[in-house]
Amino acid sequence: MDDYGSLGQIVKPSIYRVPEFMREVHPKAFEPQLVSFGPYHHGKPQCASMELEKQKAFRRFKTENGEKLEPIVKTVSQNLENLLGAYDKLEDEWKKHHAKFLEVLIVDGCFMLSFFENCPPSLSSMSWDIKRDMLLLENQLPMQLLQDLHSILENMDGRLTWFICKSMCIKLEEEVSMGEDLHILDMYRMSLLGTPIENKDGSRERKTKKSGPEYQVIRHATQLREAGIGFQQSGTKSLTDVSFDSKKGVLKIPYLVVDDDSEANLLNVMAFEKLHEEAGSQVTSFVVLMNNLIDVDEDVALLSSKNILANALGDDQSAAELFGSLGKGVAMDLESHITEVHHLVNLHCRRPWNAWCASLEHNYFHNPWAIISLVAAILGFALLIVQAVYQIFDYYRRNEMDLK
């Protein structure tokens with residue numbers, strides 16, 4: 001059922017409950033470990049210890065800004081319908097008890113802004129766990145709420161975007177205007193996508209009927225190398241910056257760091273893309289590409305050697321398992337330009353000459369002794385041919401002399 005704002009417009013949800021079929025595959029990726037934000041996980045036992053810290057932050061918020069509770073509630077409640085409508089499948093108890101709903105959002109929002117401005121020393125050892133929980137889809141606060149609370153703060157100079165990016169280590173190529181981002185997870189997603197790039201291989205412009213495995217699946221990285229395909233880091237860190245140079249046989253992929261938080265962060269972005277139609281599926285399509293390319297630790301090692309992957313997980317096998325986990329139950333969006341990249345790569349692999357040249361280079365041209373042996377073999381073969389020609393010529397010359 002749609003929620004409607006005070007002026008009758010439809011308020012589309014932007015914060016969703018993760019479907020059970022997704023939660024079953026990754027049971028821990030969508031649950032907060034330390035702190036809850038918003039109504040979905042409020043009161044969960046594992047988050048109870050942080051409620052006291054939230055109340056401390058709220059009291060500091062009021063004291064430092066000389067505000068009483070009533071003006072704060074009045075400011076936030078002006079957008080009550082929009083805040084309610086931001087949450088998909090919200091329980092009736094929150095819709096009926098607006099005071100409780102506003103209290104949770106205000107206290108959680110004050111804690112979040114306080115954390116961005118100056119993380120208390122008592123929480124410094126847990127800061128990375130808190131940041132992880134801030135990027136969970138079910139744990140989001142509407143950006144409108146943070147804007148309203150930020151407007152009340154007198155001692156928090158600067159734009160809210162700057163505070164969020166600095167605290168969350170989010171790098172945006174251009175500072176976006178507030179209101180464009182729905183919440184912090186959406187801002188993080190945009191930082192992964194960056195500015196759209198222009199692919200010179202024409203894969204974005206081709207309008208072909210995309211069906212069949214050749215558009216959805218490619219070989220693993222080490223197999224592509226054997227088929228004559230090289231790898232190169234793209235010019236940007238945008239996950240949309242994927243292209244294939246058919247003339248050179250080079251697959252260009254953006255630089256990506258994988259660490260202990262990568263699985264949860266990417267899974268929550270992928271869940272948001274699946275549930276929020278306007279978000280598209282660009283991050284999901286990139287994850288499918290990487291799942292295709294990486295099967296074993298040798299694939300990780302190859303991409304790492306090309307400065308495409310920075311593996312902070314400790315070993316290559318862990319990184320291979322990570323992408324295998326991310327790719328479970330996920331399919332390539334046929335509208336993604338990466339499907340055309342798949343198609344071009346598969347066309348290249350079907351040409352025998354490319355595989356033969358790659359085998360020659362791999363087996364001989366990477367080892368100086370192998371090169372010497374190959375050159376010697378070629379020279380020896382050439383000498384045999386010359387010798388055979390000379391013997392044939394000498395044979396006919398002798399026959400002619402005998403006839404005379």
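The structure is a predicted model, in which local features need pLDDT of at least 70 and side-chain atom pairs count only at pLDDT 80 or more, while totals for chains, interfaces and linings use all residues. Residues are numbered from 1 along each chain as its sequence is written, and side-chain values use heavy atoms, with hydrogens and water left out.

An open sheet with mixed pairing is formed by three strands in the order S3-S5-S4, where strands are DSSP runs (E, at least two residues) numbered from the N terminus and two strands pair if DSSP finds at least two bridges between them. Strand S3 (230-233) and strand S4 (243-245) are the edge strands, each of which pairs on one side only. Neighbouring strands of this sheet are turned by 25° against each other on average, direction ignored, the axes being lines fitted to C-alpha atoms. Between S4 and strand S5 (residues 250-253) the pairing is antiparallel, over three bridges, and Asp 245 has Val 250 in S5 as its bridge partner.

Helix H15 (residues 316-326) contains Gly 324, helices being DSSP runs (H or I) of at least four residues. Gly 324 is partly exposed, at a relative accessible area of 31%, given that buried means under 20%, exposed over 50% and partly exposed in between (1.4 Å probe, protein chains only). The C-alpha atom of Gly 324 is separated by 9.5 Å from that of Val 288, 36 residues apart along the chain.

Cys 165 counts as buried at 14% relative accessibility, and Cys 349 is likewise buried, at 8%. A search of the whole structure finds zero disulfides, a disulfide being a pair of cysteine sulfur atoms within 2.5 Å.

Key:
Axes fitted to C-alpha atoms, helices over the stretch in contact; angles between N-to-C directions.
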